[in-house]
Amino acid sequence: MSGATSGRWFPDEMPVPAANAETAGWWDACASHRLVVERCTACGATRHPPGPVCPVCRSAAAEWAELPGTGTVYSFTVVRQAFLPSLAEVVPYVVAVVEPDGAGGARMVSNVVEVDPEEMEIGMPVQVVWEDMGPELALPRFRPSAATPDGGGT
Amino acid sequence: MSTRPGRRAVICGAALSDYPLLPDMSEHAVHAQAADRALADAGLGYEDVDGFATAGFFPMYSTGVAEYLGLRPTYLDETNTGGSSFEVLVEHAAYAVEAGAAEVVLVTYGSVQLSQMGRRLGTGGGGGGMVPGPAIYDALWGNTLVGNYAMAARRHMHEFGTTPEQLAAVAVTMRAHAGHNPHAQYRDPITVEDVVGGRLVADPLHKLDCCVISDGGGACIVTTAERAADLRRPPVWILGGAHSTTHHLNLSAMGDLTTTAAARCGPVAFERAGISPSEVDVAQLYDSFTITVVLTVEDLGFCAKGEGGAFVADGGLGLGGRLPTNTDGGGLSACHPGMRGMFLIVEAVRQLRGECGPTQVPDARVAVAHGTGGMLSTGATLLLGREAP
């Protein structure tokens, strides 16, 4: 299950989302440590970020498809220059475009944590980890699949 | 929409404001200085202007600048596609004059981004805050503007073997051009080693892979060939234009990260102009980052997808190279006030009028100006010619 591991990797002082009618379901799933993607129930196409209609067939009918929490790094960067004062102690950190397994090709931007930035590579298998940023906000980040909860991977 | 006889759109005046550092000017004052100079260039006055177009970062932006300039236009456009806005605005202006909806459209840009940053220093800035809607989906992760372009660059390197040294060649060539531009923000020559040996901002992009941050602006005037016939300057013909978008601000929604909106709007613009990429003599390509140029030369058809790295290496974008590009030094070295598209148009006009001195491309007859906006989100291609189509 995708929600097994959680921790803290980023400071409290980060941008936070204001959920709206289209995105609330995604954030609600995150709050319970479930990684989901929005899937059109008319044509089956997935989309991310969530949106009001399917960009393929324009149907408004959709469901939240639960994902296994594994995936692959499609691309990444190592951010070395902090743009918020609170990030100065976190740099360098990895931002990645992740292709979650089972997401029908939809990709998500997130972070890869618990990794030496120099070890990052495209195609790296990753596993979701959850960061509880507040009582109602959990963010899905990823770590290398090879890493173990007791400290492997760095 | 069919063009009425004699109403083919041309650019009859173009100019830049002062740049790159304007601590004593407001953003509107930059618009005004550029507008004054473009009108003087054309031999026109504000009383001749019946159409106005600009783009900026708050709603009803064009009406604010129009008020400041004392304009009461009957044609108004503030389409904002980010850095590519001004190519779009000029394309729209061409349609407007060709349809008879306007006679003289003034298009202006102004920014004091650099000076404003200085004024904000020490005030904290940034921080958390609520970010509404889908735009948050990439911002949550500490992602940055340069981070998005870096991820596109990384993917291009992965798929096609593009190297940091090839990306660096873009910056080196732009700096060489800037050496001939007395106004350029940075003019001292640099080497590939200077770029790849410099500080990484967001891997694989180094500091010198990123554009400068500047103050500045520009303006141009679109009218009909008929009206331009008795003005001061030889007209520059608007041969064709097109624009497109792949996504808004979330890079995850872009697609493959190596194909930009230019792949869609470029071919349409060339078809509308009735020319092919091989007929382009000089290029002005948005260079927010070195990778932006590599992606653009591929997507506009100057080389095949994946060959952009080799295309730009070894001076391919230099004077006498395969595609002389950003002859003013570009956003990487000369000036980048945030939405650089107007600078591309003004430099293209100068090249086609033969005014570029040491960086003049001999006998330049056809120029392309291509803007890129957002997070590699939008593209807009404008093809300009020295001679009537």
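In this predicted model, A:Arg58 is found in the loop between β3 and β4 of chain A, strands being DSSP runs of E with at least two residues, and helices runs of H or I with at least four residues, numbered from the N terminus. The phi angle of A:Arg58 is near 65 degrees, a positive value in a residue other than glycine. Most residues other than glycine have a negative phi, and most peptide bonds are trans.

Strand β2 (residues 36-40) of chain A runs antiparallel to β4(A) and is joined to it by five bridges. Within this pairing, A:Val37 has A:Ala65 in β4(A) as its bridge partner.

Chain A also contains a cis peptide bond, between A:Val91 and A:Pro92, with omega about -5 degrees. A:Pro92 lies in the loop between β5 (70-79) and β6 (93-100) of chain A. In chain B, the peptide bond from B:Asp203 to B:Pro204 is likewise cis, with omega near 0 degrees. The loop that holds B:Pro204 lies between β6 (200-202) and β7 (205-206) of chain B.

Chain B has an open sheet of nine strands with mixed pairing, in the order β3-β2-β4-β8-β1-β9-β12-β11-β10. From one strand to the next, the twist averages 25 degrees. Helix α2 (residues 61-69) of chain B packs on this sheet and touches β2 (51-54), β3 and β4 (105-111) of chain B, where contact means heavy atoms within 4.5 Å. The direction of helix α2 makes about 125 degrees with that of β2(B); axes are lines fitted to C-alpha atoms, for helices over the stretch in contact, and angles run from 0 to 180 degrees between N-to-C directions. Elsewhere in the sheet, strands β11 (residues 366-373) and β12 (residues 378-385) of chain B run antiparallel and are joined by eight bridges. One of the residues involved is B:Ala369, whose bridge partner in β12(B) is B:Leu382.

Rolling a probe the size of a water molecule over the atoms shows where empty space is left. The second largest pocket holds about 370 Å³ of space. A pocket is an open set of points, on a 1 Å grid over the protein atoms alone, where a 1.4 Å probe fits, with protein on both sides within 12 Å along at least five of seven lines; lining residues have an atom within 4 Å of a point. Grid points are joined across faces, edges and corners, and the volume is the space filled by probe spheres set on the points. Of the 18 residues that line this pocket, the closest to its centre are B:Tyr19, B:Asn181, B:Pro182, B:His183 and B:Arg350. The lining comprises five nonpolar, seven polar and six charged residues; Ala, Val, Leu, Ile, Met, Phe, Trp, Tyr, Cys and Pro count as nonpolar, Asp, Glu, Lys and Arg as charged, and the others, Gly among them, as polar.

The model scores ipTM 0.91 and pTM 0.94. Mean pLDDT, the predictor's confidence in each residue from 0 to 100, is 90 for chain A, with 92% of its residues at 70 or more. For chain B the mean is 93, and 93% of its residues reach 70 or more. Over residues 120-132 of chain B the pLDDT is below 50. Where pLDDT is low, the predicted coordinates should not be read in detail.

Residues are numbered from 1 along each chain as its sequence is written, with chains lettered from A and ligands numbered from 1 in the order in which they are written. Local features need pLDDT of at least 70 and side-chain atom pairs count only at pLDDT 80 or more, whereas totals for chains, interfaces and linings use all residues; side-chain values use heavy atoms, with hydrogens and water left out.

Definitions and conventions
Two strands pair if DSSP finds at least two bridges between them.
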